[in-house]
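Dear colleague,

Please find the structure below, with the sequence beside it.

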Amino acid sequence: MVHDDFAVSASIESAEPHPVSIEERAEYLDFAIALAAQAGEVILPQFRRPLAIESKNAGTGYDPVTEADRGAEKAMRDAIRHRYPDHGILGEEFGHRPGGGLTWVLDPIDGTRGFVMGLVHWGTLVALFDGRRPVVGVIRQPVLDETFAGDGSRTVFIRGGETRPLAARSCPDLGAALAGTTTPDMFRTTREREALDRIEGAARGMRYGTDCYLYAMLAMGHADLVLETRLKPYDVQALIPVVEGAGGVITDWRGGNPAMGGDVLAAGDPRVHAQALACLA
């Protein structure tokens, strides 16, 4: 489905955030974790199986979508409508349904290119947006049974019966940072390509092919920096509370609010984030 990104951004943003209490935040995070698990139950039976693959941008580039994407988003949307009928929903596959101040933002399979190739660097993304920032976010990798869940002040890792807090690692200098991005192909303009070249030249190492999973590894303390561009709200909103809850920083390339996508910079250590911002400038 093709969405009018500007119109969607305008419709879910607000001048003032919708109020969410501490108790509500905990309830919403538990529900987001359950939503992501429900999506995984739809996706897993189709992983590494013969799939019909369509391209959403026929004639303008490869942007695959499968019945696993659509079925997982439908399952999550149905659950939201049943539990919170007044909330809005924005999903990659079925677009925007307006609501009363809070919006669930869904990407059933972030990294469909990897999914259809049988790789595991993809995940289900679930966030709840208050009009200014996502208040909770979940990254779920069902093949590995890994869930990364954050509320901006705390992030936990859940696998089987294990639940433990996560903390991004200390990295005081950009020259020591392990960085990554999904693909160099997303950096299309001269400005974007030069930005990637500067970060790649300054960092200790650069890894490609990561999608949302690198943000999870940043929160877990195994990576230091992520640079991306041309993201949509459903690509980034779930990542924000996970990164921030682990002590990291995530902004746009000017240090502003990244919730509506576009240019995104995430770092585990605020010092590396500041140096990367200066490098981009």
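In this predicted model, the axes of helix α5 (residues 190-202) and helix α9 (residues 270-280) come within 9 Å and cross at roughly 135°. Axes here are lines fitted to C-alpha atoms, for helices over the stretch in contact, and angles run from 0 to 180 degrees between N-to-C directions. That angle makes α5 oblique to α9; angles under 35 degrees count as roughly parallel, over 145 as roughly antiparallel, 65 to 115 as roughly perpendicular and the rest as oblique. The crossing of α5 and α9 is right-handed (a crossing is right-handed if the near helix is turned clockwise from the far one by less than a right angle, and left-handed if anticlockwise). From α5, the contact (heavy atoms within 4.5 Å) draws on Ala195, Arg198, Ile199 and Ala202, and from α9 on Ala276, Cys279 and Leu280. By class, this contact of α5 with α9 has six nonpolar, no polar and one charged residues. Ala, Val, Leu, Ile, Met, Phe, Trp, Tyr, Cys and Pro count as nonpolar, Asp, Glu, Lys and Arg as charged, and the others, Gly among them, as polar.

Two conventions apply throughout. Residues are numbered from 1 along each chain as its sequence is written, and side-chain values use heavy atoms, with hydrogens and water left out. As the model is predicted, local features need pLDDT of at least 70 and side-chain atom pairs count only at pLDDT 80 or more, whereas totals for chains, interfaces and linings use all residues. Helices (H or I, at least four residues) and strands (E, at least two) are DSSP runs, numbered from the N terminus.

I turn next to the sheet. Eight strands form an open sheet in the order β4-β3-β5-β6-β7-β8-β9-β10, with mixed pairing; two strands pair if DSSP finds at least two bridges between them. At its edges are β4 and β10 (162-165), each of which pairs on one side only. Neighbouring strands of the sheet are turned by 15° against each other on average, direction ignored.

Strand β3 (residues 88-91) pairs on two sides. With strand β5 (residues 103-110) it runs parallel, joined by four bridges, and isoleucine 89 stands opposite tryptophan 104 in β5. With strand β4 (residues 95-97) the pairing is antiparallel, over three bridges, and glycine 91 has glycine 95 of β4 as its bridge partner. β3 and β4 form a hairpin with three residues between them. Gly88 and Leu90 point one way from β3, Ile89 and Gly91 point the other way, and all are buried (under 20% relative accessible area; exposed is over 50%, partly exposed in between, with a 1.4 Å probe and protein chains only).

Strand β6 (residues 123-129) pairs with β5 in the antiparallel sense over six bridges. A hairpin with four residues between the strands is formed by β6 and β7, and glycine 131 in its turn has a positive phi of about 105°. Seven of the seven residues of β6 are buried, so this strand is largely enclosed by the rest of the structure. On one side these are Gly123, Leu125, Ala127 and Phe129, and on the other Thr124, Val126 and Leu128.

Which helices lie across these strands? Helix α2 (residues 22-43) lies across β5, β6, β7 (134-141), β8 (146-150) and β9 (155-159), running at about 30° to β7. Helix α3 (residues 67-83) lies across β3, β4, β5 and β6, at about 155° to β5. The two helices, α2 and α3, pack at an angle of about 145° with their axes 8 Å apart, and their crossing is right-handed. The residues of this contact divide into 11 nonpolar, two polar and two charged.

Isoleucine 43 lies in helix α2 and counts as buried because its relative accessibility is 0%. Not counting residues up to four places away in sequence, isoleucine 43 touches Ala68, Ala72, Pro108, Ile109, Phe115, Trp122 and Thr124.

With kind regards
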